[in-house]
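Here is a friendly walk through one model, from its sheet to its cores. Have the viewer open as you read.

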Amino acid sequence: MERTAIRRRLMWQVATVADVRRETATASTIVLEVPDWPGHLAGQHLDVRLTAPDGYRASRSYSIASAWSADTIELTVEKVPDGEVSPYLVDVLKAGDPLEIRGPVGGWFVWKPGQEGPVQLIGGGSGVVPLRSMLQAASGTSTPMRLLYSVRRPESVIYVHDLKELAASDDVDVHLVYTREAPAGEPRVGRIDAELLEQYVYKPTDGATTYVCGPTAFVEAVADLLVAAGHDPARIRTERFG
């Protein structure tokens with residue numbers, strides 16, 4: 001039976017950390033056990049709040065990295081230098097710790113089961129996080145999906161093992177773009193441009209919905225390139241940070 005995230009008033013609740021997995025030198029995936037989780041749609045996010053011993057509080061929003069299962073949800077956090085929240089989540093948080101959260105939040109940058117047409121995913125850096133949730137949610141469905149993922153260098157790739165499995169399957173077309181340093185045998189180093197989009201994304205006539213997530217400059221540049229190539233702006237959904 002298809003499940004739908006329940007609409008309700010957002011309130012803070014305490015989740016328990018079930019596991020923390022290191023993805024890169026600066027990013028970790030946090031697995032949370034959340035009592036009474038109402039469910040979420042792929043692409044939504046939640047708020048995390050930390051409280052210091054002196055009572056000072058800091059909160060940040062993070063995309064949910066996993067599709068909805070009944071037991072746990074996952075966040076993948078990239079550490080921001082001099083940040084108030086992300087260094088604790090990436091380097092200090094451990095299994096068994098409590099974590100205050102609120103969500104799910106968001107209704108525009110989401111993929112829903114049964115949505116018409118193919119799906120084009122374009123991520124920059126940690127912008128791949130909500131796209132992973134969409135990939136998981138669409139697993140086992142007939143929805144065609146493509147992922148174009150831009151990173152600085154090979155060691156910056158988040159979900160490297162998952163992406164290798166997807167690339168080896170016939171389910172998702174995965175292509176990585178390296179902007180600073182490429183692995184051996186990869187001839188191209190540089191940002192996503194019009195030629196790359198022409199080669200690896202669905203055509204404007206394919207009727208795809210395109211999701212673009214990443215730093216603000218990345219998202220704006222990619223969205224402009226898509227529109228210039230003839231893609232319908234109404235079918236381009238963006239989420240940006242920084």
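## Strand pairing

In this predicted model, strand S2 (residues 27-33) and S5 run antiparallel and are joined by seven bridges. Within S5, Thr72 is the residue that stands opposite Glu33.

## The six-stranded sheet

What is the order of the strands in the open sheet of six? The order is S4-S3-S6-S1-S2-S5, and the pairing is antiparallel. The edges belong to strand S4 (57-63) and strand S5 (72-78); each has a single partner strand, so one side of each is left without a neighbour in the sheet. On average, and with direction ignored, neighbouring strands of this sheet are turned by 40° against each other.

## The largest nonpolar core

Now to the packing. The largest nonpolar core has 28 residues, and those touching the most other members are Leu121, Met134, Met145, Leu147, Tyr149 and Tyr211. Two or more residues each come from strand S7 (119-124), helix H2 (128-138), strand S8 (145-151), strand S9 (172-178) and strand S10 (209-215). Helix H2 gives the most, with six residues.

Which residues does Leu147 contact, leaving aside its neighbours within four places in sequence? They are Gln120, Leu121, Leu131, Leu135, Leu163, Val172, Asp173, Val174 and His175.

As general background, nonpolar side chains tend to be buried together in soluble globular proteins.

Technical notes
Residues numbered from 1 in each chain as written. Predicted model: local features only at pLDDT ≥ 70, side-chain atom pairs only at ≥ 80, totals over all residues. Heavy atoms only, no water. Core = buried A, V, L, I, M, F, W, Y, C linked by side-chain atoms within 4.5 Å. Buried < 20%, exposed > 50% of the residue type's maximum accessible area, 1.4 Å probe, protein only. Helix = DSSP H or I, 4+ residues; strand = E, 2+ residues; numbered from the N terminus. Contact = heavy atoms within 4.5 Å. Pairing = 2+ DSSP bridges. Axes fitted to C-alpha atoms, helices over the stretch in contact; angles between N-to-C directions.
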